Amino acid sequence: MELTNYLGLAAVLFAVGAATVLLRRNAIVVFMGVELMLNATNLAFVTFARIHGDVTGQVLAFFVMVVAAAEVVVGLAIIVMIFRARRSASVDDVNLLQS
Amino acid sequence: MTVSGGETALFWVLAPLMTLAALGLIFVRRAVHAAICVMFVMVGMAILYVAQEASFLGVVQVVVYTGAVMMLFLFVLMLVGIDAADSLTETIRGQRWLGVLLGLGLAAVLLGVISAATFPPAVGLAEANAVTNPVALARVLLADYVLAMEVVGVLLVTAALAGLVLTHRRRISPKVTQRDLARERVAALPQGRTLTPLPAPGVYAQNNAMDTPALGPDGAPLEHSVPRVLRIRGQARSATAVLAAEESLVARELADAGLLTADADADDDGARADGARDAHQGEER
């Protein structure tokens, strides 16, 4: 087996995450799609680290994880705030700026 | 560097399952099921990290993603309402097909790039991981990326503060304390409210007695000890009926045990009749 198979898996997962962001309406599920995309890039980082024999890729994946954790905190807080104000977690309902 | 047969098998078992679980994110209706799917993908990812000589990241993946991030997701799902299913009405026409098309297009482009690119022969991490994987990571992290790590620390603190500030709710009305509640009760005394809790309904041996009133110190039944719902439905019973039925039951049991004297035998028939009537009442109920 070639190590590029891992990259293929990462690409498929990334595409599925992107499709989730485009297709789903529930803000929380959309957020999970973003998480899936971040995870897919992490898999690519780890695989590249192995291909090149250099752990820097793993360090970058580690940074991605930390930033993802911070992003989840803020994002979910925003979702909770929107839910409190509008009693809905659907991304379609947040269209106040639309004329 | 060659990939071992075990790792190949692991990959071909896990990759389809992970892809299926990821697709579940698109097709599953309920947000909780989607969260379970994502958890499966993340645990699978951790296993793949360990297989790819990144044991530290594998552990961090389990701790941070499945342990913290997905739990946070579940908490927010509980907060927002677990039944919140997606609406299927399209606000942008053709969004569904456009989304499917773009997703497939992205997959095609990424897979095309990967298959077209030529990668150098894989080196493997055996040499880099000679000092164990966490130590190797720490040497890079704390030597080349020290500034980035400090900045990320600041980012984490900022995010924690942001989470606190964003979800903070300002109190509009003054807080009601125990003291205020007590004062309110005393003030309501002239309107007929009692300070103490209401008396509990009476408990007699024969029935479960939510429907029979308690007896006051003077022996009079306290009507308000029966729950209001039962009183309104007309399901409350009088205490005297229950007491009489109980006495007759005791008399019958004593008679059955042969403890009654001869002169009490005269009452026996009456007691039996009472008991029969009592049993009948029980059936009716």
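Buried, in these notes, means under 20% relative accessible area, exposed means over 50%, and partly exposed is in between (1.4 Å probe, protein chains only).

**Entry 1: ground rules**

I am working with a predicted model, in which local features need pLDDT of at least 70 and side-chain atom pairs count only at pLDDT 80 or more, while totals for chains, interfaces and linings use all residues. Residues are numbered from 1 along each chain as its sequence is written, chains are lettered from A and ligands numbered from 1 in the order in which they are written, and side-chain values use heavy atoms, with hydrogens and water left out.

**Entry 2: the two chains**

I began with burial in chain B: of its 285 residues, 30% are buried.

Next I listed the elements, taking helices (H or I, at least four residues) and strands (E, at least two) as DSSP runs numbered from the N terminus. Chain A has three helices and zero strands, in the pattern α-α-α along the sequence. Chain B has ten helices and two strands, and from the N terminus on I read them as α-α-α-α-α-α-α-β-β-α-α-α.

I also looked up sequence separation in the contacts (heavy atoms within 4.5 Å). In chain A, 55% of the contacts with a separation of 6 or more are between residues 24 or more positions apart. In chain B, 49% of the contacts between residues at least 6 apart join residues at least 24 apart.

**Entry 3: helix H2 of chain A**

How far does H2(A) reach from its first C-alpha to its last? H2(A) covers residues 27-52, 26 residues in total, and I find a reach of 38 Å, close to the 38 Å expected at 1.5 Å a residue. The expected span here is 1.5 Å times one less than the number of residues.

I then checked burial: 20 of the 26 residues of H2(A) are buried, so the rest of the structure largely encloses this helix. At the N-terminal end I found a cap, A:Asn26, with a side-chain oxygen 3.0 Å from the backbone nitrogen of A:Ile28. After H2(A) comes A:Gly53, and its phi is positive, near 65°.

**Entry 4: helix H3 of chain A**

I repeated the length check for H3(A), residues 56-86. Its 31 residues should span 45 Å at 1.5 Å a residue, and the end C-alpha atoms are 44 Å apart, which agrees. A:Arg87 follows H3(A) with a positive phi, near 55°.

**Entry 5: how the helices pack**

Two packed helices are described by the angle between their axes and the distance between the axes. My axes are lines fitted to C-alpha atoms, for helices over the stretch in contact, with angles from 0 to 180 degrees between N-to-C directions.

H1(A) and H2(A) cross at roughly 165°, and their axes come within 8 Å. The crossing of H1(A) and H2(A) is left-handed (the near helix is turned anticlockwise from the far one by less than a right angle; clockwise would be right-handed).

For H2(A) and H3(A), I have an angle of about 175° and axes 9 Å apart. H2(A) is therefore roughly antiparallel to H3(A). On the H2(A) side the meeting residues include A:Phe31, A:Leu38 and A:Phe45, and on the H3(A) side they include A:Leu60, A:Met65 and A:Leu76.

Then I looked across the chains. H1(A) (residues 4-23) and H4(B) (residues 95-116) pack at about 160°, with axes 9 Å apart. H1(A) is thus roughly antiparallel to H4(B), and their crossing is right-handed. Among the residues that meet are A:Leu7, A:Ala11 and A:Phe14 from H1(A), and B:Gly99, B:Leu102 and B:Leu106 from H4(B).

**Entry 6: loop residues in chain B**

B:Glu53 is not a glycine, yet its phi is positive, about 60°. I located B:Glu53 in the loop between H2 (31-51) and H3 (55-80) of chain B; at 25% relative accessibility, it counts as partly exposed.

B:Thr132, also in a loop, lies between H4 and H5 (133-143) of chain B. Its phi is positive too, near 70°, and at 43% relative accessibility B:Thr132 counts as partly exposed.

Is B:Asp211 buried or exposed? At 14% relative accessibility, I count B:Asp211 as buried. Its loop runs between H7 (178-187) and strand E1 (214-215) of chain B. B:Asp211 and B:Arg231 are 20 residues apart in sequence, with 8.2 Å between their C-alpha atoms.

Methods: Polar contact = N/O pair within 3.5 Å; in protein donor to acceptor, adjacent residues only side chain to side chain. Parallel < 35°, antiparallel > 145°, perpendicular 65-115°, else oblique.
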